[in-house]
Amino acid sequence: MHSEIFVLVGFLEIVLSIFMQWQTYILSNIKTFAIQSWILGIFLMYFGLFNGNLSMIILSLLTIITRAVFIPLYLSNTINKQTFRARENKHRVSVSLSILTSVLLAIFSYILYSLVLFEFGKSLISIPITLMLQGTFLIISRSNAYAQLIGYLVMENSIFLLSYLFSGLPFIVEAGIILDILGVVMIGGILMKIRDEDIQKEEELYG
Amino acid sequence: MISIVYLGVVLFSIEYISSMKERFIKVYQYFTLLNLFVAVMFFSVILNNFGLIWVCIEATTFTSALLVAVENDFAALEAAWRYIIIVSVGLVISLIATLFLYSSAKTLLIDELLIQKAPGSLFLLGGILLIVGYGTKGGIFPMNTWLADAHGKAPAPISAIFSAILLPVSLYPIIRLFEIYNNVLLSEFAFVLGFLSVATASIMSLNQKLYKRLFAYSSIENMGLALIGISLGSYALFGAIILIFTHALAKSGVFMLTGNIFHNFKSKKIEDISGLIKTMPKTGLFLFLGTLAVTGAPPFATFFAELLILAKTINLYGWLVGMTLFFFVGCGFLFINYKVINMVFSSKSKPLVKESLFTLIPIIYISLSAIIIIAVPVFYKLLDGVIK
């Protein structure tokens, strides 16, 4: 039962991150990330309630408050003040190619799982790996700082799914991770406000 | 070590930061962030838990990101952004590693892990990912690309603290990992990454046009050597520790001196700087000595550290690998020193400039890096239990 729900959650997360790949409007990417985090938070909550695990319930609440509510609100507030950043002018990778790459990444992660993690006997591990690679691809394929930050957050979400499959991390570490992500997003937000995407001419960053 | 470098950097920052015109953050914000940054670094090295070490090392990223962008131009912001995103992604990898370690050993406490006997293959996989993840922050190949940008664009005192202590602090969990789990495969993996870092850095330092980037590549080279030392263990680990200590003193001094040069010449290009020994005699002379120290020339302790690492490499992997490593270290030595000698001793010079009293700080640091060799027995005593 648990693993079926996990597959469903994993599938939804992957579909949502593929949807992010071809989105031009950053605001819809932020909303998609919020939905992704809600799904993750509810899944953790269900799992915590089912097992009567208090730390898991607190963790799910923290996840919902920070990732599903605060971070999307913070990001959309900063973007509303600068409407010219709300839409990416040109994708580095074309839409059709990004969809194709996303599918290939899913296949690749299954192969990776079969080669490296097969002996651990959990056939679901390829789901978080796929999600992680999707996040990485989002960072690589975009030049917009918001899209890159969301890519990083998708990677972090995948860690939560991975930690469910393995034995999880101690509560204090998980709480520390959430605080760290909050810090990265806040500082990232400050930098993104003034960063220019067209950086090709800066000779100080070559070599 | 953290406190020694921190003291110098804070003193040096007093004049440097207030003399900057268009700052991204205010002076009090700069010092607050610097204090927070150093505090989390202290936590990183005293904690007994791999998970919390991860939390602290990730915390160093966002406490220091704004410090990189102090100069407030497009390149500085881009450098800070690259620093955040590349390092954070790297640290996600070490978070997976932490998860694997916990899943395999059921504990993250270092003293409990030390007692446990040979853990399973998941622990090995965790170890490999841990090296890649923390190696990203330590400037190890292949995720070293952020380092040259961040060191090149950060203000001089921040480059000093980054190069001198942030990089070694990021390598600290790897030292603890090898203490817990001494596996041949893991050691070979770390060796290859360290070797490639040395090779990349020494080749890249050939075509550098900006002096701060040149020293950034020298940091990558030294961290690569330190990782090789850590991976080989025994007296090479001892060499790595001496290298880290001497490098911290000398490189922080050198980076502070580059701040002086930039202040007077208003240029970061190597070709624009000439006759430093006549224009700024103290800065010129000690920049030259500091560069010798970071590239591993005798009588600095880095030379002996490199010899120890090289000797162990030859001992374990044979002459061919050892000589190739020696070749790359030699290339780095030649390229970096050639450029610095051109800057310091060329005939074309500007009129003499009065150097600030704060120049004394890097001078003291570079002098200390020369006499650290006297402290070698103390290091040996301190590391008695670790060196087998």
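Modeller: UniProt positions are given here in the numbering used for this model, and such annotations may be inferred rather than shown by experiment. The model itself is predicted. For chain A, an unreviewed UniProt entry gives the annotation "transmembrane region" to residues 6-26, 33-50, 56-75, 95-118, 124-142 and 172-192. Two of these spans can be compared with the model. Residues 6-26 of chain A are 81% helix and 0% strand, with end C-alpha atoms 28 Å apart. Residues 33-50 of chain A are 100% helix and 0% strand, and their end C-alpha atoms lie 26 Å apart.

After α2(A) comes A:Gly52, with a positive phi near 65°.

I now turn to the pair itself, which belongs to chain B. Two packed helices are described by the angle between their axes and the distance between the axes. For helix α3 (residues 50-68) and helix α4 (residues 74-105) of chain B, the axes come within 9 Å and cross at roughly 175°. Angles over 145 degrees count as roughly antiparallel, and α3(B) and α4(B) are therefore roughly antiparallel to each other. On α3(B), the residues making the contact include B:Phe50, B:Trp54, B:Ile57, B:Thr61 and B:Val68. On α4(B), they include B:Ala80, B:Tyr83, B:Val87, B:Leu91 and B:Leu101. Sorted by class, this contact has 14 nonpolar, 7 polar and 1 charged residues.

What follows α4(B)? The loop between α4 and α5 (110-115) of chain B holds B:Lys106. Most residues other than glycine have a negative phi, and most peptide bonds are trans. B:Lys106 is not a glycine, yet its phi is positive, about 65°. Elsewhere in chain B, the peptide bond from B:Phe141 to B:Pro142 is cis, with omega near 5°. B:Pro142 sits in the loop between α6 (121-137) and α7 (145-153) of chain B.

Finally, the two chains meet. Chain B contributes 46 residues to the contact and chain A contributes 42 residues. Together they bury about 4,000 Å², of which 77% is on carbon and sulfur atoms. On the side of chain B, B:Phe62, B:Trp81 and B:Leu99 lose the most area to chain A, together 17% of what that side buries.

How values were computed: Residues are numbered from 1 along each chain as its sequence is written. Chains are lettered from A and ligands numbered from 1 in the order in which they are written. This is a predicted model: local features need pLDDT of at least 70, side-chain atom pairs count only at pLDDT 80 or more; totals for chains, interfaces and linings use all residues. Side-chain values use heavy atoms; hydrogens and water are left out. Axes are lines fitted to C-alpha atoms, for helices over the stretch in contact, and angles run from 0 to 180 degrees between N-to-C directions. Helices (H or I, at least four residues) and strands (E, at least two) are DSSP runs, numbered from the N terminus. Angles under 35 degrees count as roughly parallel, over 145 as roughly antiparallel, 65 to 115 as roughly perpendicular and the rest as oblique. Contact means heavy atoms within 4.5 Å. Ala, Val, Leu, Ile, Met, Phe, Trp, Tyr, Cys and Pro count as nonpolar, Asp, Glu, Lys and Arg as charged, and the others, Gly among them, as polar. Buried area is the accessible area (1.4 Å probe) that two parts lose on being put together, summed over both.
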